[in-house]
Amino acid sequence: MNTKKIFQCKNSMDGIFTAIYEAWSSGYGHDNVMIEELCEKNDYSNMQLFSEYITVNTDMEKALKVSRSIKQKISEEAFEIVCRVALSDYRQKGDLIYRFLILGFRSGRDIVNHISNDVVNQMLKINRNVGNEVHHFLGFLRFSQLENNILFSVIHPKNNIISLLAPHFADRLPQEKFIIFDGGRNICALHLPGRPWIISDIPEANPDMVYKLKNYDNYKDLWKIFFENIAIKERINLKLQRNNLPLRYRKDMTEFQS
Amino acid sequence: MVIQEGMSIQRKLEILSMAARYDVACTSSGVDRKGNNTGIGNSLACGICHTFSADGRCISLLKILFTNECIFDCKYCINRSSNDIVRASFTPREVCELTMEFYRRNYIEGLFLSSGIKISPNHTMEQIYETLRMLRDEYNFNGYIHCKIIPGTDPVLVEAIGWYADRLSCNLELPTAESLKKLAPHKNRKNILKPMRQIQLRRDRHNEYLGIDDAARNRLLTDSRINIDETDGPVAANIIVPFGRTLPAKKRFAPAGQSTQLIIGATEESDYQIMTVSEALYKNFGLKRVFYSAFVNVNQDESLPSTLDGPPLLREHRLYQADWLLRFYGFKTDELLDNNKPNFNLLLDPKCDWALRHLELFPVEVNKADYQTLLRVPGIGVNSARRIIAARKHAVLDFNDLKKMGIVLKRAIYFITCNGRMMYPIKIDEDFITRQLLASNERMPFGIDKDITYRQLSLFDDVNFQPDMHDQIKILSQA
Ligand code: SF4
């Protein structure tokens, strides 16, 4: 009987790309390999008895090769979709991407139109989902000004999107020092004037520090004044408000904090 | 009039945001502009909502009045000169600081500056011009600016402001010149259309000069019969555009175009009249958006309809739906309404309503119908139609595929076939389908539910409502 070879990798774009490289070049055949990224969400209690687990060490070179061939042999658009899926919180996204690439390398740039194919359809759905969350956070993200003029933001997105948010804010606020902190993942995007932004792990982030620093900003009150007075009281519609701005975003938004 | 000296910025903001809230336009869309590395700000054509206020509306811009002092006395307006309310004015610097600091914290996409009329239109607009100039030139603000043009403003000022703003708006306020005269005695239609025309010509001319084909100009709108000019006497086509100077190549005049606002339900005009005006504004004045604002009788003015039961939100919603049909779906006003049927059906959205009156055109075959035809199917929107066209190149689509693609079939199933077959054997029968559609609970903005529907029905009794409405309610309650 055929045992599945399961390539286990880090839950990151580079990790997944490396695993794809390894699985592809392993020679076991597409049907006999699987990719599994390691993250809290995946439940490993159902490890398959008759599978062989192979640990993949992230290798930038191999990851780069994969991204290059996606761009060249499929398209830039497909590459962007793959990136967004790789940053999503979808379980088994690694394997989904693998299946997508099998089809993609066969059909080329046209693959994104094969909507009735389940794999493609699933990819596009997740892509849209991540894209929507990014778009929401472009608006819902709030900075507070710290004493030293640093703009600081805490968010708790579902997907791992700070690397998708940072370019927008770096373009918008080129003269500012800012930090976007993903409170659920303990990573942050940092920007300093005149330099490219970077992503950095904060393994021992101290949330107290974050919240203590917040109290110095006078403009918070002005913003709340505006927010409260701009609503038309004859049209109060909290359901519509909740539909447009789900509660899960609010705890990090200035105007909803007391 | 109460004018307080030395008012705090908090108090001013309170007064001048409250006074601005009835202007419904708050989008930051229509212009793509990268950051410029030295200043602050960029802009995305799709627009960004930053938060939603308690009325459920998107907040994208710092929407404030420069001043709520006003020499005019428009009946519908909270700031009218005859009201005894606290008045306040910002200084240009205060507006700049608020905008910059709000923007840095990502509260907003930019500024929407409107104003009451202090001393004179020109006096007020000069202050506004100074604010915009400072924001752009001193503060290096590169974000979005929407600026209101007060009727009667000198064309030279309009011209000067247009180079600093992304979007300009002159509010038409009411659909007919007569209503305007009645409710806003100091305004006249011509003074509103004049700057509109000036902005349009300036934009066209400059875009031509830059070789920009303004794609957002609505091509779908062709030959509407009524020329809005003719109802108000001609507006000169060749207004002298001041400042013949050459401009920095990248600068554009009001790149996000212009919009306007109509108050709905303060006067007796029918939906047909309103939509005819909108169509003319899109077609003849190149407007980007017409906004509809359900009338709220803020002054409890007895000569105007009472809105104690709530503003006509459902009607406003129908007008927005119809407006979309005009701008993106290739519909013409005359297809949706006419003199015998001057108002929208409150129980069905305008597209369903249209389709029910044109059952002879249905069902359409999903695998063959062209884009325009697909767009006319109830339940199929612009995105769905595009997805269908893309997907069917690679496979013959069946209902399952449509579902997988996220297309909502609830309403569409009565109007489409896949491979010549309908999803269920359905009789193409108006009564039957109407009943099904009414029962299928159209997704409404929350808060506009059936309760309000009934209340609003009575509100519209005087607006020549469809005679068959009561039948439809019967159908609805049976379903
Ligand atoms: S001119 Fe404008 S601010 Fe003044 S009363 Fe009329 S609508 Fe209100």
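**Salt bridges within and between chains A and B**

Between chain B and chain A, the count comes to 5 salt bridges, a salt bridge being a side-chain nitrogen of Lys or Arg within 4 Å of a carboxyl oxygen of Asp or Glu. The model is a predicted one, where local features need pLDDT of at least 70 and side-chain atom pairs count only at pLDDT 80 or more, while totals for chains, interfaces and linings use all residues. Residues are numbered from 1 along each chain as its sequence is written, chains are lettered from A and ligands numbered from 1 in the order in which they are written, and side-chain values use heavy atoms, with hydrogens and water left out.

On the side of chain B that touches chain A, the residues split into 31 nonpolar, 16 polar and 15 charged (Ala, Val, Leu, Ile, Met, Phe, Trp, Tyr, Cys and Pro count as nonpolar, Asp, Glu, Lys and Arg as charged, and the others, Gly among them, as polar). Chain B puts 62 residues into the contact and chain A puts in 56, with contact meaning heavy atoms within 4.5 Å.

As for area, the size of an interface is often given as the accessible area lost when the parts come together. Here about 5,400 Å² is buried between chain B and chain A, and carbon and sulfur atoms give 57% of that; buried area is what two parts lose in accessible area (1.4 Å probe) on being put together, summed over both.

The cut-offs are under 20% relative accessible area for buried, over 50% for exposed, and partly exposed in between (1.4 Å probe, protein chains only).

Over all chains, a search of the whole structure turns up 35 salt bridges. One of them links B:Arg80 to B:Asp301, with 3.0 Å between the closest N and O atoms. B:Arg80 lies in the loop between S4 and strand S5 (86-87) of chain B and B:Asp301 in the loop between strand S10 (289-294) and H9, so the pair ties together parts 221 residues apart in sequence. Helices (H or I, at least four residues) and strands (E, at least two) are DSSP runs, numbered from the N terminus. Both B:Arg80 and B:Asp301 are buried.
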